[in-house]
Amino acid sequence: MRLFRPVVFGLSGLALAMAVPTGAAVAANGTFSWLGPHSQAHFLQNPPDNKCYDMGQEARGARNGLRQPLVTYPRKRCKGTPTHLRPGQSSPSGAHFSSVIFNPR
C-alpha cells in the first residue's frame with residue numbers, strides 16, 4: 001500500500017502533463033470546404049494558421065466553416081487580388097481560387 005499511492009500520483013501527474021496543450025501548434029478550428037472538379041466537395045479540418053496553401057486542381061465556391069478568417073487568392077502562392085471570408089461566410093459558387101491562407105496575420 002505504501003508504494004501504491006506514489007505510483008498513482010506519479011502516473012496521474014504524467015497523464016495530466018501530456019493532456020495539457022502547449023500552444024506550440026496553432027490551428028484554425030472548424031472545416032474549410034470547396035468544390036473541385038466535377039463539383040465534387042472537398043473538406044479540410046482544422047488547418048494550420050498563417051500558411052499559404054496552393055490548390056492542386058480546380059477550386060471554387062470556398063466556404064469558411066472555421067472560427068477564424070481566411071483569404072483566397074486567384075493565383076498560386078497567395079498572389080493576386082485577395083477575397084476575405086469571415087467565419088461562416090461563403091464565396092459565390094462560381095468564384096475560382098488557386099490558393100488560400102487561414103487566419104492570416
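Predicted model: local features only at pLDDT ≥ 70, side-chain atom pairs only at ≥ 80, totals over all residues.
**Exercise 1. Strand 1 against strand 2**

Task: How many bridges join strand 1 to strand 2, and what is the bridge partner of S33 in strand 2?

Solution: 
- Step 1. Locate strand 1. It covers residues 30-35.
- Step 2. Count the bridges. Five join strand 1 to strand 2, and the two run antiparallel.
- Step 3. Pick out one pair. S33 has F43 of strand 2 as its bridge partner.

**Exercise 2. Q57**

Task: Is Q57 buried, partly exposed or exposed, and which residues does Q57 touch beyond four places in sequence?

Solution: 
- Step 1. Q57 sits in the loop between strand 3 (52-54) and strand 4.
- Step 2. Apply the cut-offs. Buried means under 20% and exposed over 50%. Q57 has 43% relative accessibility, so Q57 is partly exposed.
- Step 3. List the contacts. Beyond four places in sequence, Q57 touches P37 and H42.
- Step 4. Check one separation. Q57 and P37 are 20 residues apart in sequence, and their C-alpha atoms are 7.4 Å apart.

**Exercise 3. R60**

Task: Why does R60 count as buried, and with which side chain does the R60 side chain make a polar contact?

Solution: 
- Step 1. Classify R60. Its relative accessible area is 15%, and therefore R60 is buried.
- Step 2. Find the polar partner. The side chains of R60 and S39 make a polar contact at 2.6 Å.
- Step 3. Leaving out residues up to four places away, R60 touches W34, L35, G36, S39, S93, G94, A95, H96 and F97.

**Exercise 4. S91**

Task: Where does S91 lie, and is S91 buried or exposed?

Solution: 
- Step 1. S91 is in the loop between strand 6 (83-85) and strand 7 (99-102).
- Step 2. Classify S91. With a relative accessible area of 13%, S91 is buried.
- Step 3. List the contacts. Neighbours within four places aside, S91 contacts G61, A62 and L85.

Conventions: Residues numbered from 1 in each chain as written. Heavy atoms only, no water. Pairing = 2+ DSSP bridges. Helix = DSSP H or I, 4+ residues; strand = E, 2+ residues; numbered from the N terminus. Buried < 20%, exposed > 50% of the residue type's maximum accessible area, 1.4 Å probe, protein only. Contact = heavy atoms within 4.5 Å. Polar contact = N/O pair within 3.5 Å; in protein donor to acceptor, adjacent residues only side chain to side chain.
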